[in-house]
There are 2 protein chains.
Amino acid sequence: MRLFKERRYISMISSERDGEEVTLMGWISSIRDHGNIMFVMLVDRDDEIQITVKRDNPLFTRFKELKEHSSIGVKGIVKSSKNAPRGIEIIPTLLEVFSISKMIPPFSIYSKSIPNMDLRLDIRAIDLRRNTLRSIFKIRYGILKAIREFLDKNNFIEVNTPKMISSATEGGAALFPIFYFNREAFLAQSPQLYKEQLTMAFDSVFEIAPIFRAEPSRTNRHLAEAISVDVEKAFIDYTDAMELLEDLIIYSIEYIKKYNIKELEILNIKFDVTKPFPRYTYTELIDRLKEYGAKIEWGEDFSTENLKLLGEMMNGYYFITDWPTKIKPFYAKPKSDAKISETFDLMHNELEISSGSSRINVKEEIIERMKSQGLNPNSFDYHLRVFDYGMPPHAGFGLGLERFLMTICKLDNIRDATFYPRDIERLTP
Amino acid sequence: MRLFKERRYISMISSERDGEEVTLMGWISSIRDHGNIMFVMLVDRDDEIQITVKRDNPLFTRFKELKEHSSIGVKGIVKSSKNAPRGIEIIPTLLEVFSISKMIPPFSIYSKSIPNMDLRLDIRAIDLRRNTLRSIFKIRYGILKAIREFLDKNNFIEVNTPKMISSATEGGAALFPIFYFNREAFLAQSPQLYKEQLTMAFDSVFEIAPIFRAEPSRTNRHLAEAISVDVEKAFIDYTDAMELLEDLIIYSIEYIKKYNIKELEILNIKFDVTKPFPRYTYTELIDRLKEYGAKIEWGEDFSTENLKLLGEMMNGYYFITDWPTKIKPFYAKPKSDAKISETFDLMHNELEISSGSSRINVKEEIIERMKSQGLNPNSFDYHLRVFDYGMPPHAGFGLGLERFLMTICKLDNIRDATFYPRDIERLTP
């Protein structure tokens, strides 16, 4: 059976094809055996169809031997049927069993949520057959397409920067060391310095690629390996970058509202997002938190408790701007009052999903900032030297794709926003 | 000067705007000072324009202080001019110097090729300002867009798989070890096993992401970190995968012929590519090589010398199919004559740019092949267990993006097909 050339996708089969012979391929999500009649649900890339096998069908005994999850090819006649899902069924005339399943998954494929994450992750490929997860990852792809389309329309060029680097971007915290031939290197926790350099030649650049952070804590919002959407543009400042990010978020939501209707329905997601997103300065929020009796002093980063409290005050996306310079990375540009910086975080309730800033484009200033953060400028020699050739003013942001997806799909655990999560305890599959 | 909102890109300025006032931003590629008149070439994202400053211009002395590569903003009047490039010049009325350059690059920005690669790589961000390189990377982006558009039209879904893994995909060769929290891990040399698993839930998947290979030799066609275009599809075999790859190559070339006209002109590139690409079996080519007196026996991989000889025989893209099973990875499916496998390489003259195959989808068979290649099936437990749940037949390929770009842009050195190359000697910038 060399069926591929005749293969049709299930989504193409409707009652208009009544009487036609079609070839379908996929896996079996359920088998209901009523003795004289069997209903076998076949799933492919984006849809599901009922195969109806009666006792008088020559294939009846072969279908009897099948098990859920088996991979099969079926040739059959399309038949309108009031009782079948979507009003159609397939009466099979040919069956090819590609791969029979030998195990039963320890969870139901129809469950919307299964609390035991590790049980699922141990056979993630099977877990991903659940409709809920497949919908999440189709929306994820929709978001990726939206982001790329938006940035392309805004004349950005896609770049790729090295993931194996010689020194830390944002201080030494949370780096994975690599053995690079005969010396030590690290996995990049951000493409920050590279994307900044690339504005010199390309003006507007973006990269969508893995970043690596050796997060020692196991939380529901951190991954050791995540996808970062990094955007950087010459001749803009952080207020422009915020507008760009806001437009990108809105564009993505409009895109999936248009192209992922079915998945949004399955996940029961509705949106009520408009721009501009509220903007609060760091200082304003510190004052408000203090009014609520929160423990925090100006100059400190928000604790998990502070963020929870903020999350309760807010509704959806909002910016926190003008952070204290000393708690932001060395490349963030201070304002004329040097204690405060041209920086922002994009939040969704209690979750930070993006950080950005105007960047320093003057060598002496960035060296100064490195030193005040305890970094050795010599280890950034390869970065600093390009400042001697006319570094333009620039700004940008990094958006955590998985966290953005969490806010879209209302996910509690970031692990369901990535295919094969990595954390301190998990390196497999 | 808060110029961004009024900024226009140089490519938008034509003689139709004669007399208009515009705001432009970019860097200076050349200054010709004739005493009483200066010609300053300003470059932005995709074009270049002449700024003409006469002695009676109040900005004359300030322009005199400028140096090549400096980052500036200019407000000025558009003026038609027969003698200026593109028939237009800008008469400046306002100048903002964002960043003055302090160094002169050790190579000319106008050179088409500069043999000393290390000299260039040490200040890569400046090197990338060369028109030749900017054109290559715009074509690279064109190819990426083409590939994504092609795969999307063919109903593939984009995935991302982990780059930090617990065991080698294709044997232990050439892996970078990582210190993963308190244990050893490796950087993925391919998303192979993950993309295969993902066909179970998503049918047709692709990933465009970095791969890592600790290549001990420094050649002009190997990188320690490269971008791989990985494609995998359920219910097809290697002949279908070859057609898919062929279509993807043709689609990409047609795309850049349509959208990268200017860059192709700058690089003086013409195409003469039609499908189908010639297909030769491994065995045929061994015989032909032997006719030419080459040193090779059936069962051996082609040496660099063999490939050079093949390159001389061929003209452009061609497939080498049906390789000996034992020199291909364990997941490649053997034919009924088990010595030979359902495998292919896509070549361009002497350069391999892609490898693909039908994959084994039966657990016992893949364990058998692992053992015969000296691999321990236990270390693949997390992969093998999903075979128990109905693994569909599938096939796919990995395409080296940089190598593909080399064949498009006629590059001799793979380092010019990537922004910041990594090899045994180079970890910076």
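How do the axes of helix α4 and helix α12 of chain B cross, and within what distance do they come? The close-up views below take up that question along with a few others, and they all show a predicted model.

**View 1. Helices α4 and α12 of chain B cross at roughly 120°.** Here is the reply to the opening question: the axes of α4 (residues 131-153) and α12 (residues 401-409) of chain B come within 11 Å. The two helices, α4(B) and α12(B), are therefore oblique to each other. The crossing in which α4(B) passes α12(B) is right-handed. On the α4(B) side, the residues to look for are I136(B), I139(B), R140(B) and I143(B). Their counterparts in α12(B) are F404(B), L405(B), I408(B) and C409(B). Sorted by class, this contact has 7 nonpolar residues, no polar ones and 1 charged.

**View 2. Five strands of chain A close into a barrel.** Going around the barrel, you meet the strands of chain A in the order β1-β2-β3-β5-β4, and their pairing is mixed. From one strand to the next, the twist averages 55°.

**View 3. Strand β4 of chain A pairs with β1 and with β5.** This view stays with the barrel of chain A, which includes β1, β4 and β5. Strands β1 (residues 21-33) and β4 (residues 71-80) of chain A are antiparallel to each other, with 7 bridges between them. Between β4(A) and β5 (residues 88-99) of chain A there are 10 bridges, and these strands also run antiparallel. Which residue of β4(A) stands opposite W27(A)? That residue is S71(A). On the β5(A) side, S71(A) has S99(A) as its bridge partner.

**View 4. An open sheet of 8 strands lies in chain B.** Reading across this sheet of chain B, the order is β6-β10-β11-β16-β15-β14-β13-β12, with mixed pairing. Which strands stand at the edges? They are β6 (157-158) and β12 (279-281) of chain B, and each has a single partner strand, so one side of each has no neighbour in the sheet. Further in, β11 (residues 225-234) and β16 (residues 394-400) of chain B form an antiparallel pair with 7 bridges. To find your place there, look for E232(B), which has G396(B) in β16(B) as its bridge partner.

**View 5. Chain B meets chain A.** How many residues of chain B are in contact with chain A? There are 77, and they touch 77 residues of chain A. Helix α5 (residues 192-202) of chain B supplies the largest share of the chain B side, with 6 residues. By class, that side holds 47 nonpolar, 15 polar and 15 charged residues. The copies meet through the same surface, because 100% of the interface residues of chain B are also interface residues in chain A.

**View 6. A rotation of 180° superposes chain B on chain A.** The shift along the rotation axis is 0.0 Å, and the RMSD is 0.0 Å. The two copies are thus related as by a two-fold rotation axis. To locate that axis from chain B, go to I178(B), the residue of the chain that comes closest, with its C-alpha at 2.2 Å.

Technical notes
Residues are numbered from 1 along each chain as its sequence is written. Chains are lettered from A and ligands numbered from 1 in the order in which they are written. This is a predicted model: local features need pLDDT of at least 70, side-chain atom pairs count only at pLDDT 80 or more; totals for chains, interfaces and linings use all residues. Copies are superposed by least squares on the C-alpha atoms of residues with pLDDT of at least 70 in both. Two residues are in contact if their C-beta atoms, placed from the backbone, lie within 7 Å. Helices (H or I, at least four residues) and strands (E, at least two) are DSSP runs, numbered from the N terminus. Ala, Val, Leu, Ile, Met, Phe, Trp, Tyr, Cys and Pro count as nonpolar, Asp, Glu, Lys and Arg as charged, and the others, Gly among them, as polar. Two strands pair if DSSP finds at least two bridges between them. Axes are lines fitted to C-alpha atoms, for helices over the stretch in contact, and angles run from 0 to 180 degrees between N-to-C directions. Angles under 35 degrees count as roughly parallel, over 145 as roughly antiparallel, 65 to 115 as roughly perpendicular and the rest as oblique. A crossing is left-handed if the near helix is turned anticlockwise from the far one by less than a right angle, and right-handed if clockwise.
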